[in-house]
Amino acid sequence: MKQRIIIISSSRADYGILKNLIYKMQIDKSFDMKFVVTGSHLDTKYGNTLKYICKDKIKIDKKIKIKLGKTTKKNISKNLSEYVSKFSNYFHNIKPNAILILGDRYEMLATAIVANIHNIPIVHLHGGEITEGSYDDQNRHAITKLSYIHFVSTLNAKKRVIQMGENKNNVFHIGSLGVENLINYKK
């Protein structure tokens, strides 16, 4: 039976890291992979990066759009609640076996909250990392605590995730997908 996995991308930054993984999962017959775009991908103010995904010929299964507005604390809180509502409806209808998310953005935190409520296992990429001087760390660590499987990029990140109380048997040091992308880049 195919495993239905949803990969979510909210910005050019995470898409660039996820792109080759998405390609591989779309052709792997053991997965029913669904690709969801949201966040700044769908906003012309932030470059409308959806065009890069279309150029790469990656199939988009769902667009979850909200009006982003200014990046104030009040708007981010409002956006987070809208994401929770929209992802809840989508997950309820699509019934995935797992959600794969990368990083630390508040869109991903909303996704993780909803997946946790719906008892959908979360596969988190790049947990345990540190971003100095940013509230991204709190988001990333919250996502880590909500996640079931952890694919980390460094041994220090693995140590941090385990120190947060995560089962060491569910934490895998895989390296960086970004570095893999660089290695496979054709000049």
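This is a predicted model: local features need pLDDT of at least 70, side-chain atom pairs count only at pLDDT 80 or more; totals for chains, interfaces and linings use all residues.
I took helices (H or I, at least four residues) and strands (E, at least two) as DSSP runs, numbered from the N terminus. Residues are numbered from 1 along each chain as its sequence is written, and side-chain values use heavy atoms, with hydrogens and water left out.

**Whole chain**

I looked up the secondary structure of the protein chain and found seven helices and seven strands. From the N terminus, I read the order as β-α-β-α-β-α-β-α-β-α-β-α-β-α. The radius of gyration of the protein chain is 16 Å, close to the 16 Å of the globule rule for 187 residues, so the chain is as compact as a globular protein of that length. For this I took the radius over C-alpha atoms, and the rule as 2.2 Å times the number of residues to the power 0.38. The C-alpha atoms fill a box of roughly 40 × 40 × 40 Å along the principal axes.

Next I checked burial (buried is under 20% relative accessible area, exposed over 50%, partly exposed in between; 1.4 Å probe, protein chains only). Of the 187 residues, 44% count as buried. I then turned to contacts (heavy atoms within 4.5 Å). Of the contacts in the protein chain with a separation of 6 or more, 60% are between residues 24 or more positions apart.

**Helix 5**

I listed the buried residues of helix 5 (residues 136-146) as Asp 137, Asn 139, Arg 140, Ile 143 and Thr 144. Seen down the helix axis, they fall within an arc of 165°, so they line one face of helix 5. I took the arc as that of the directions from the helix axis to the C-beta atoms. These buried residues pack against strand 4 (98-102), helix 4 (106-117), strand 5 (122-125), strand 6 (149-152) and helix 6 (155-163).

I looked at Asp 137 in helix 5 separately. Asp 137 counts as buried at 14% relative accessibility. Leaving aside neighbours within four places in sequence, I found Asp 137 in contact with Glu 129, Ile 130 and Thr 131.

**Loop between strand 5 and helix 5**

Glu 129 lies in this loop and is partly exposed, at 23% relative accessibility. Not counting residues up to four places away in sequence, Glu 129 touches Asp 137, Arg 140, His 141, Ser 153, Ala 157 and Arg 160. I noted that Glu 129 and Ser 153 are 24 residues apart in sequence and 8.2 Å apart in space, C-alpha to C-alpha.

His 126 is found in the loop between strand 5 and helix 5 too. His 126 is buried, with a relative accessible area of 10%. I recorded a positive phi of about 70° for His 126, although it is not a glycine. Most residues other than glycine have a negative phi.

I found Lys 57 in the loop between helix 2 (50-55) and strand 3 (62-64). The phi of Lys 57 is near 60°, a positive value in a residue other than glycine. At 72% relative accessibility, Lys 57 counts as exposed.

Gln 26 sits in helix 1 (residues 12-27) and is partly exposed, at 29% relative accessibility. Not counting residues up to four places away in sequence, I have Gln 26 touching Met 33, Ile 58 and Lys 59. Gln 26 and Ile 58 are 32 residues apart in sequence and 8.5 Å apart in space, C-alpha to C-alpha.
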